[in-house]
Amino acid sequence: MTDAPSRPNQPVYLDNQATTRCDPRVVQVMLPYFSEEYGNPHSAEHVMGQRAEHAVEHARAQVAAAIGADAREVIFTSGATEANNIAIKGAARFAASMGDPRRRIVTVATEHKCVLESVADLAAEGFEPVILPVRTDGLLDPDKLREALVTPTLLVSVMAVNNETGVIQDIAGLAAIAKASGALFHTDLAQAVGKIAVDLTAWKVDLASVSGHKLYGPKGVGALFVRRRPRVRLTPLFSGGGQERGLRSGTLPAPLIVGFGEACRLATAERTVDAERIAVLRGGLWDRLRRDIPGVRLNGSDQARIAGNLNVTFPRATAFDLMRAVPDLCVSTGSACSSAEVEPSYVLRALGLSDRQAARTLRIGIGRFTSAADIDYAAAALAAANAACEAAGFENSAHDT
Amino acid sequence: MHETHYFDANASQKLRPAARDAVLSAFEAAGNPSSVHRPGRAVRRIMEDARDVIANGFGGQSQDLVFTSGGTEADATAIHAMSIGRRLIIGAIEHDAVRSAATGAAIVPVGRNGIADMEALETLLSDGNPSLVCLMLANNETGVIQPVEQAAALCRRYGALLHADAVQAAGRMPVRLDLLGAHSLAISSHKLGGPAGVGALLLSPDAPFTAPLVSGGGQERGRRGGTPAVALIAGFAAAVLAGQTDDLQRIATLRDAAERAALACGAVVCGDPEHRLPNTSCIALPGVAAGVQVIALDLEGIAVSAGAACSSGKVQTSHVLHAMGLGTLAGEAIRISLPWNVTEADIDAFATAYRRVADRLRPALV
């Protein structure tokens, strides 16, 4: 048994795959654009508009640099969800409008909900979605992709890093397979930028989505990479003033974009240092959980995995009970968007977990601002909570094996 | 470099101090509003309080308010969600956000005064075909207020739906969805002194919503996917509240003063001078291209525009002024739009600069 640890002054935030704290350095660079620099970056006729436009273009170059792209390949959006919608629906609708007979859209069972929903929306328009399974380690078997591509395919969408398990897909390899078959390839980089090296010049990726708030930038901004050579063409999701080369209309939020650019710069500059430190913290936490809670199990590949993620199934206690027992520890049962849902995680089920196992699983996301003390607290608190839940609820959970 | 006097509020305006404070304090909060833990719930509360403020402020109910990335997305979402199985009818002077989402729509013409022709709308509706009508509450280039209440009554009589783009009207005149009788309103934060990057679609309780435009993780009751931009949403609400105490009469008086200075130089005002937003004036200087006026005024430290900001930079005549039948004047009109913090000194600077520019550029009278 472990003694209950003393309560921290602040909640300990280990949910960095749901969202991250906006880095104070990011807030700092945004400040002037929330006050004196309020020009509309599209008002190119006057000096205030021009200054805002310069700031936006500087940020565009920073975002491009973080993903190994050219600035002209970066379209700003309100976030990765919108970028995923534009990429998937836009590519399919454009191809169909040009008379392309292909209807197949291939994606993976563990994708983010917005990718699966976008593909489902396309099914209603006559496209043919194919949802590939993953192996028990969360990785997509390249042969499954090859099999699916036997039927001429318009678009393949595979996320680089999973939001629940942190599992890293081999995007370079999968994209090459897709390209060889003539399909376009999209990847959701929301969880990847700042966590793994991303090089879209080397990877044969046509479209890629980036999120601001997952990399210590602000919420409400993201980007879509659209390859220029060879040029990838899209039908916009919505139009209007024709901003972002007609692909995404609407006034650009200059302060957020400036912050997003800075967040991307920091993500690139500090990625290796952050990852090394975070890996040590995660290793320490996992060692202690294994020591104190016999029978805990890690879901998803332990090799192809970002440094910050632990996705842990507990032997008997449910995630709900554990979280209730440690209200000062912010972890989650799965993706934040669907946190309030009672449904077990479809991602974990795709890895072969039963509903009961999924219900006993926590996602732990360690990030840039996590301290060793946070990890100490988390390890002790989870062990104590697990012991308390097991003691209190053994009769309830005895059948739950 | 001398100070810039900013007369381009209809493009964007300075963030109100209360909005700025709300944005910055929300950046301190780490949570995702969809998460169930404490920081998540704290952030969710910020968002739901903001939703109450904005829904109340515009005559709607909190559960009927959908946060979007801005006015453009709100317009596109309304049209996407409400036009299935319906013919589209739009005003001739709608913003491009509506025009491009409603390709092939029937057009309600406007008169020379810039006001939509309600008889023409009734003629279109009278065939009884299910329709979605889009009519902006106030035009972004002329500030002319449209008869949305009357249009809503017509739509309801003929079983049609009405979407009103209130992007320019919100914060510059009282706007209440319930009193207007429309089915939806599009609102933008940065046009009313909140941060850019957020807006809202406010639906009436009886508005149908078939499918989201941006699909995702089920946020916004399944009507708009994506992690909500909480800091922006907090700033949006703070701006709505702050705007409720603006002295619109003061702004109208200053606008009129600026306008008089221009009229004294031979300019003419485009659009109905009575039914207008208090902050907007569309002023044509006969014989001088709008682009030349804008650049000359910019050199004098006066920021104005030749039309919608989104299309400024493009060399094309305003579809709004063209639809009003203004002929060559359409290419000779600039828009001045006063921000919430406009001062008398700004107006004096404008008057002086305009006089200088007009004297220099206006063709000699024969």
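1. Glu220(B) counts as buried because it has 21 C-beta neighbours inside 10 Å; here a residue is buried if 20 or more other C-beta atoms lie within 10 Å of its own, exposed if 12 or fewer, and partly exposed in between, with C-beta atoms placed from the backbone. Glu220(B) is not a glycine, and yet it has a positive phi of about 55°. It lies in the loop between strand S8 (199-203) and H8 of chain B, where helices (H or I, at least four residues) and strands (E, at least two) are DSSP runs numbered from the N terminus.

2. This is a predicted model, in which local features need pLDDT of at least 70 and side-chain atom pairs count only at pLDDT 80 or more, while totals for chains, interfaces and linings use all residues. Residues are numbered from 1 along each chain as its sequence is written, and chains are lettered from A and ligands numbered from 1 in the order in which they are written.

3. Chain A also has a residue with positive phi: Tyr216(A), although not a glycine, has a value of about 70°. Tyr216(A) sits in the loop between strand S7 (207-211) and S8 of chain A, and it is buried, with 28 other C-beta atoms within 10 Å.

4. Pro230(A) is placed in the loop between strand S8 (222-226) and helix H7 (254-292) of chain A.

5. Val226(A) belongs to strand S8 of chain A and counts as buried, with 25 C-beta neighbours inside 10 Å. Neighbours within four places in sequence left aside, Val226(A) is in contact with Glu73(A), Ile75(A), Leu207(A), Val232(A), Leu234(A) and Leu247(A), contact meaning that the C-beta atoms of two residues, placed from the backbone, lie within 7 Å. Thr370(A), by comparison, is 144 residues from Val226(A) in sequence and 34 Å from it in space, C-alpha to C-alpha.

6. Chain A is divided into domain 1 (12-22 + 270-397) and domain 2 (24-266), with bounds that come from an automatic or database domain assignment. Taken over C-alpha atoms, the centres of these two domains of chain A are separated by 28 Å. In the contact between them, 29 residues of domain 1 of chain A meet 31 residues of domain 2 of chain A. On the side of domain 1, the elements that give two or more residues are H7, strand S10 (309-313) and helix H9 (346-350) of chain A. By class, that side has nine nonpolar, 14 polar and six charged residues, where Ala, Val, Leu, Ile, Met, Phe, Trp, Tyr, Cys and Pro count as nonpolar, Asp, Glu, Lys and Arg as charged, and the others, Gly among them, as polar.

7. An open sheet of three strands in chain A has the order S9-S10-S12, with antiparallel pairing; two strands pair if DSSP finds at least two bridges between them. Strand S9 (297-298) and strand S12 (361-365) of chain A stand at the edges with a single partner strand each, so one side of each is left without a neighbour in the sheet. S9(A) and S10(A) run antiparallel and are joined by two bridges, and Leu298(A) stands opposite Val312(A) in S10(A).

8. The contact between the chains takes 61 residues from chain B and 59 residues from chain A. H4(B) gives the most to the side of chain B that touches chain A, with four residues. That side of chain B has 27 nonpolar, 27 polar and seven charged residues.
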